[in-house]
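Please keep the model in view while reading.

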Amino acid sequence: MSSLEKKRKRKTTTKTNKKKPSPNPSLPADLLISIFARVSRLYYPTLSLVSKSFRSLLTSPELYKARSPSGQTECCCLYVCLRFKPYSNSTWFTLCRKPDQTLTNETTKNKSSGYVLAKVPIPPSPRAHFSSLVAVGSNIYNIGVSKSIYQPSSSVSILDCRTHTWREAPSLRVVPMSLSASVLDGKIYVAGSYKDDYGDSGSWKNLFEVFDTKRQIWDPDPIPCSETTCNFRNCKTACIDGKFYVVSDVIYRDVCAYESKEGRWDLVGLGSYMEHHLFLDSCCDIDNIWYFVFQGRFIWYDTKELQWRYLKGLVGLPKFPPSARIRLANHSGKIAVFWDDVLPCNGGDNKKMIWCAEIALEKRKSYEIWGKVEWFDHVLTVPITCVFEKVLAVTV
């Protein structure tokens with residue numbers, strides 16, 4: 001080939017490359033918002049990986065304004081709080097759909113559930129613990145936010161799960177040394193203990209405050225709780241049958257209930273070790289029935305008969321490892337159960353797998369409730385040092 005022909009070929013190639021169209025033409029933001037508003041929020045974590053502009057639009061207020069008219073507001077989304085080291089700040093994940101679904105076993109044709117835990121792009125999150133986290137609507141409240149394990153705080157932070165941003169809320173009146181929070185009729189009830197004077201000479205007192213999430217204020221008049229015989233130090237709380245229950249510390253296990261309509265405390269006995277099971281942290285409330293996992297089995301508490309009963313069915317659900325940390329959540333009337341399982345040691349790089357299952361519930365005659373396992377799957381792998389705090393259901 002002559003030198004003249006080579007020059008002509010180079011020019012032709014250069015012109016061809018210049019005229020090649022871009023494979024990813026940009027779309028107007030308002031058009032993308034219109035498209036995203038019609039997509040299930042379960043796919044948002046996957047879409048956010050496409051580009052920074054997608055991430056920005058998926059957490060914009062304009063998107064949530066566009067979702068309401070299109071009827072695409074999700075009933076329930078699950079958020080998981082993890083700490084990758086025992087005393088580190090919290091990291092948040094949400095249960096979402098995988099980009100694609102593949103066959104896990106071609107011979108049996110069992111499909112993957114299609115679910116995975118995806119990290120939520122949230123700015124540095126404060127430390128959180130099981131008892132201090134509650135969800136109301138689209139917000140997650142972290143009450144008594146502590147800057148370090150040795151520094152208690154009265155601060156309250158709110159995670160807006162629509163925009164994935166934190167904001168500050170009014171603080172507690174006192175600095176709690178311990179607390180437990182529960183939700184009743186859109187209000188957050190907080191019980192715990194504090195010292196009226198810092199230092200070794202300070203005396204312990206019961207703490208009880210109520211936060212109105214609609215008005216975003218703590219009730220202005222402190223509700224007296226000194227007349228109760230319960231000790232709120234290291235207590236656990238629950239809302240059952242329209243009452244706020246406080247189970248005293250591990251040693252005494254007394255139970256008292258606050259009746260909000262009458263403004264009265266009553267010393268009660270839930271019976272059948274209900275007070276013991278509330279300390280397991282593996283419980284959730286669905287239609288005023290409390291479900292627990294105790295010694296690897298699902299049980300529920302009959303508030304009318306004051307009896308424990310086993311949840312029947314559950315065909316296909318794997319056995320929980322003896323050391324598993326188990327967390328339950330009310331997922332649109334179904335039980336979402338998460339648990340971890342340590343992987344065999346591989347050259348010192350210890351890992352554990354987080355699993356999830358969804359269980360549909362059916363009430364039958366003779367006080368029976370049956371559970372049907374709709375799916376279960378491995379949803380995340382984490383270092384063995386990771387602390388599994390809590391699962392919360394939010395409406396967005």
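A residue is called buried when its relative accessible area is under 20%, exposed when it is over 50%, and partly exposed in between (1.4 Å probe, protein chains only). The model is predicted, so local features need pLDDT of at least 70 and side-chain atom pairs count only at pLDDT 80 or more, while totals for chains, interfaces and linings use all residues. Residues are numbered from 1 along each chain as its sequence is written, and side-chain values use heavy atoms, with hydrogens and water left out.

A salt bridge is defined here as a side-chain nitrogen of Lys or Arg within 4 Å of a carboxyl oxygen of Asp or Glu; the structure holds 11 of them. One of these joins Arg-83 to Glu-389, with an N to O distance of 2.3 Å. The two residues belong to distant parts of the chain, 306 residues apart: Arg-83 is in strand β1 (residues 77–83) and Glu-389 in strand β27 (residues 387–394). Strands (E, at least two residues) and helices (H or I, at least four) are DSSP runs, numbered from the N terminus. Arg-83 is buried at 4% relative accessibility, and Glu-389 is buried at 5%.

A further salt bridge pairs Asp-281 with Lys-236, their closest N and O atoms lying 2.7 Å apart. Because Asp-281 lies in the loop between α6 (274–277) and β18 (283–286) and Lys-236 in strand β14 (residues 236–240), the pair ties together parts 45 residues apart in sequence. Asp-281 is buried at 16% relative accessibility, as is Lys-236 at 12%.
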